[in-house]
Amino acid sequence: MELPLVVGVDGSESSMRAVDWAADEAALRGVPLRLVYASLWERYEGAALADGLGRPSEQVIADDIVEAAARRAHRRHTDVKVSTDVLPEEPAPALLREGNEASALVLGSRGRGGLAELLLGSVSLAVAARAYCPVIVLRGSQVNRAGAAGHRRIVLAAGEEPDDPAAVRFAFAEARARGCAIEAVRAWRRPAHEALGHPLSFRGSARLHEERATETLEAALSGAPPDVELRRRVVEGPARKVLLDASATADLLVVGARRHPGHFGLQLGRVAHAMLHHSACPVAVVPHRG
C-alpha cells in the first residue's frame, strides 16, 4: 500500500496553496492525499467561550477548513483519493507523528498567524527540522504547480556527505515523475587566509578547492540513474547565496538534513535553514540518519 502525501492545513492561503501543490504531486506519484488540521484552541480558549460569544467552535471551523481543502483537491484532480482528519493536538507534534506513516509532508510557509511571506512559520520550521520523512515547504510567492512547472528544473544541493543518497534518490524520483532535468550544485570557497599569499599560490589553491568540490559532487551522484537528464555545476561562493540564486529559476530545491536519533532539538543545517526562510521556490528537506 502506497503511503499518503500528508498536507497540514489551517485555512490560510499559504496552506491552501500547499493543498494545490500536493494534489498535483499526489497525481504524479499515484499516491493518496491526506489533509490534516491540528489545533488545541479549545483547550486554551474554551468551547463555552465561543458559544457564549455566538461564534462557531473550533471544531466546526476545523471541519469546514478540511472539507474546503478536500473539495479544492478534488476539483484539481478527481482521480486522487483524498482523506481528512481533525486532530485535537498541537500542530507540530501531530504532523511529526503523521509523517511516520507518510511518503512526504507538505506545508505552507506561513500559517494563519503569519505576518510576512518572507518569514517561515514556526510549525513549518519545527516539522522540517525534525521529521523522518521528506518535508516540502511551499516557498515562493508564485503559483506553484508540481505537475506543470514553468522552469522544468530541480536543483539538488550536493553536501559534504555522499554516504547517504536519500536526497539524491528523492530528487531523481521527482525529476522522473515530472519529466524534467536535475541541476546538481556544489558550492566551494577558499579559506580567507589563503587569499593573503602569492598570486600563483592563490590560483593553485583555487584549483585544488574546485577539484575537491567536483570530486564531492561526483561522489554524491555516483548512484544517479541514467534515465534523467543531469547537469553538474560547481560554483565558487557561499552555498547559501549560490543555492538561493539557483532557486529563482527552479521548480523545486532539494536539500539533505542529518537526523540523530534521540536528539530532540532542531536538526537542520545552516544551508537548509536559510533555504527554508528565503528560497524563491518550494524546498524539499530530505532527512538521513547520522
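**A walk through the sheet and its helices**

Start by selecting strand S6 (residues 153–157) and strand S9 (residues 252–259): in this predicted model, the two pair in the parallel sense over three bridges. Click on Ile154 and look across to S9, where Leu252 is its bridge partner.

Now bring up the rest of the strands. You're looking at an open sheet of ten, with mixed pairing, in the order S3-S2-S1-S4-S5-S10-S9-S6-S7-S8. Go to the edges next: strand S3 (82–87) and strand S8 (230–236) each have a single partner strand, so one side of each has no neighbour in the sheet. Turn the view and follow the twist, which averages 25 degrees from one strand to the next.

Time for some helices. Pick helix H4 (residues 58–76), which lies across strand S2 (33–38) and S3 and runs at about 160 degrees to S3.

Hop over to helix H9 (residues 239–247) and helix H10 (residues 270–278). Their axes come within 10 Å and cross at roughly 35 degrees, in a right-handed crossing. Show side chains for Ala239, Arg240, Leu243 and Leu244 of H9, plus Arg270, Val271, Ala274, Met275 and His278 of H10, and you have the contact. By class, that's six nonpolar, one polar and two charged residues.

Last stop: colour by pLDDT. The chain's mean is 84, with 78% of residues at 70 or more. Strand S1 (residues 5–8) has the highest confidence, at 97, and helix H3 (residues 47–52) the lowest, at a mean of 51. Select residues 112–119 too, where pLDDT is below 50.

Definitions and conventions
Residues are numbered from 1 along each chain as its sequence is written. This is a predicted model: local features need pLDDT of at least 70, side-chain atom pairs count only at pLDDT 80 or more; totals for chains, interfaces and linings use all residues. Side-chain values use heavy atoms; hydrogens and water are left out. Axes are lines fitted to C-alpha atoms, for helices over the stretch in contact, and angles run from 0 to 180 degrees between N-to-C directions. Helices (H or I, at least four residues) and strands (E, at least two) are DSSP runs, numbered from the N terminus. A crossing is left-handed if the near helix is turned anticlockwise from the far one by less than a right angle, and right-handed if clockwise. Contact means heavy atoms within 4.5 Å. Ala, Val, Leu, Ile, Met, Phe, Trp, Tyr, Cys and Pro count as nonpolar, Asp, Glu, Lys and Arg as charged, and the others, Gly among them, as polar. pLDDT is the predictor's confidence in each residue, from 0 to 100. Two strands pair if DSSP finds at least two bridges between them.
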